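The following note collects several points for a colleague to check against the coordinates.

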Amino acid sequence: MASGGQIKFGPVDVAIVGAGLGGAAFARRLASRAPRLRVLCFERGDWLDRANLPTQKPEWQRLALGAWASSPNLRLKAGGNAISADYPIDDSASAFKPLMWNGVGGSTINWAAHFPRLHPSDFKTRTLDGVGDDWPFSYFDLEPYYDLNDEAFGVSGLPGDPAYPPKAGRRMPPVPLGRLGAKAARAFDELGWHWWPVDAAINTVAESTREACNHCGPCLLGCANGAKSSTDLTYWPRAIASGVGLRTNCVVQEIVIEGGKATGIRYRDGSGRDCWQPASTIVVAGNGIGTARLLLASGIDSPALGRNLMFHPAAYVRGMFAEELDGPVGPVGCSVYSHEFYETDEARGFKRGVHLQVTRENALLTQASRLEPAWGAEAQRLLREEFRHSMAVLVTAEDLPEVHNRVTLTQTMEADGLPGVRVEYTLSDHSRRALDFGMARAEEMLRAAGAHRIQRVPLAPYTGWHLLGTARMGGDPATSVTDAKGCCHAVPNVIVADGSLFPTVGAANPGSTIGAVALKLADALVGAAP
Amino acid sequence: MTRVMLLAVLDTLLPGDDGEPPLPSASEAALDLKALERLAEPVVTALADSDGFLMASPVERVARLRAVEQAAPDAFKALLAEALATYYEAPPVLAALGWRAAPPQPHGHEVAPIDDATLRNLDKVKGRGQLWRS
């Protein structure tokens, strides 16, 4: 409620919370489709300073494990990051540790920019396979928005992938496969399995003010030359040029609701002042944890809110090779992938499927820091065997919605003025079976490629990038939080526009779909067609 | 804690190898020991018998450090993390592993482009027809 001592601003039509992928796409689309709307975005963090990124510093490897780690908890433990306005997350009861970036661009700042779409079947898992829930729209309803989002990000890749319906031509050639990717491709061919170079939101040729990727490696530390797409480089410059406002270092404390309708937001600005921003519509895009946290803290009453948290359960299989491979060279998430086992085959003992992604390796120090034993001659022998001689296959499975996997508030009031947040997530037997199956297939491929030793990582905790499902779309207010337009059942002028909306998640990365859905919802708000 | 003792601990953690080219031990890698000195203090204290550690064989030193790792895990972990970071940032270590000392940017790296034979194999993949369901 607006109160004395507050700084009060004039009303806007749309206030957006979060300048990550969903918020940026929504803002840009609104600005282009309804330019008379007054649109203002509030971002808790700051703009990235590309001239000062770790990849240009001798100590970059240790920064990747500390103040520039992917985990906000690790960044806070290292003293915090001046740009990412992190809040602690109690992840002690979660098999996967949430990863994110809390600044302009959201987690597109430190993502790998692997940019697959979901499959058509991912939108109707209940109808096709009797698990999960159908989305309120289909792949083909979303397809025009996938294309728009691709255009905004600038996708590198190759057309013609038979794992997907035909897609518009990719704007740039694929990221080079390198020795590692070529070797994996030959092995997939030998096995007769599907493979394809990844779609990546990475410039492989220079465009405008952005350079081409120079294969420096650690994409997760932010991209110094701007080759990797992030919304601070794609959507935001255009949105701001179109009149959208973006206030940084502003932590939204509460969506104020009166008589079942949101009237605005209360936020704390960069100077710690309490501010009041009235708005006709509130759009929340703070990822599957941040969005749930704010909606819960604002008292939105919805039984599904915070529940059905989904990651993409992840495991790794690493093969060691006699010959030299690329090691940490090249965009870390980008080589080739296989969707041979993406669609359901009930003979495997589980429904839905797995995504196999041949990734590049971590930095030397990261590799050295996860060895077992961790020190001594044997550790150094293992590192010598592995460094620049390994190939890692990331196995991700389709998580299915389960109400006990959830985000809740704690009794603690955090330094950012919001209640603390806790994540509870257990890996289901179904996901375990899927990961085990995927690991066996990854090992098969690595053996075919000539690996002389295989190492399995059956569960990789620090892969919790994809924070999904906690404010899911659906028709029933008892089991969903929003309708098909992202409007909360409980407070219809509060719209969710991020991965929290996903009723199911497929087995592949969600970024492309988050952007496409946000564009679609923006059109829905102003009654526009694609 | 003496410098000799600190280096003895570090060399037990990071003994190097006699590969080609050889990986230097911690003491051979000319590490900056400033931060390591402070973190090593509780570990050396937990070792109790410093002279005994210095006189012990390499195998015995490993056993003694393993005991400290069990008895004082937080202190040991903090020292190990800093030791690994300092060591694997050191130019002689990077060179021995065939890696450059310069950071990833601004120079980046070369990656082999996709070759024609690999591209041709994609025709076989395409030839399998539609793999998606709807």
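1. N308(A) belongs to the loop of chain A that runs between α8 (287-297) and β10 (314-320). In this predicted model, the phi angle of N308(A) is near 60°, a positive value in a residue other than glycine. Is N308(A) buried or exposed? With 31 other C-beta atoms within 10 Å, N308(A) is buried, since the cut-off for that class is 20 or more.

2. R388(A) is placed in the loop between α10 and β13 (390-397) of chain A. The count of other C-beta atoms within 10 Å is 21 for R388(A), and therefore this residue is also classed as buried. As background to these two points, most residues other than glycine have a negative phi, and most peptide bonds are trans.

3. Chain A contains a cis peptide bond between E372(A) and P373(A), for which omega is about 5°. The proline, P373(A), sits in the loop that links α9 (364-369) with α10 (377-386) of chain A.

4. In chain B, the peptide bond leading from E20(B) to P21(B) is likewise cis, and its omega is near -5°. P21(B) is located in the loop between α1 (3-13) and α2 of chain B.

5. Helix α2 (residues 34-47) of chain B packs with α5(B) at an angle of about 145°, and the two axes are 9 Å apart. The handedness of this crossing is left-handed. On the α2(B) side the residues involved include A35(B), L36(B), L39(B) and V43(B), while the α5(B) side includes F76(B), L79(B), E82(B) and T86(B). Sorted by class, the contact of α2(B) with α5(B) comprises 12 nonpolar, 1 polar and 1 charged residues.

6. How many residues of chain B are in contact with chain A? There are 40 of them, and they meet 55 residues of chain A. Two helices of chain B, α5 (73-89) and α7 (116-127), each contribute at least two residues to the side that touches chain A. That side of chain B has 21 nonpolar, 11 polar and 8 charged residues.

How values were computed: Residues are numbered from 1 along each chain as its sequence is written. Chains are lettered from A and ligands numbered from 1 in the order in which they are written. This is a predicted model: local features need pLDDT of at least 70, side-chain atom pairs count only at pLDDT 80 or more; totals for chains, interfaces and linings use all residues. Two residues are in contact if their C-beta atoms, placed from the backbone, lie within 7 Å. Helices (H or I, at least four residues) and strands (E, at least two) are DSSP runs, numbered from the N terminus. Ala, Val, Leu, Ile, Met, Phe, Trp, Tyr, Cys and Pro count as nonpolar, Asp, Glu, Lys and Arg as charged, and the others, Gly among them, as polar. Axes are lines fitted to C-alpha atoms, for helices over the stretch in contact, and angles run from 0 to 180 degrees between N-to-C directions. A crossing is left-handed if the near helix is turned anticlockwise from the far one by less than a right angle, and right-handed if clockwise. A residue is buried if 20 or more other C-beta atoms lie within 10 Å of its own, exposed if 12 or fewer, and partly exposed in between; C-beta atoms are placed from the backbone.
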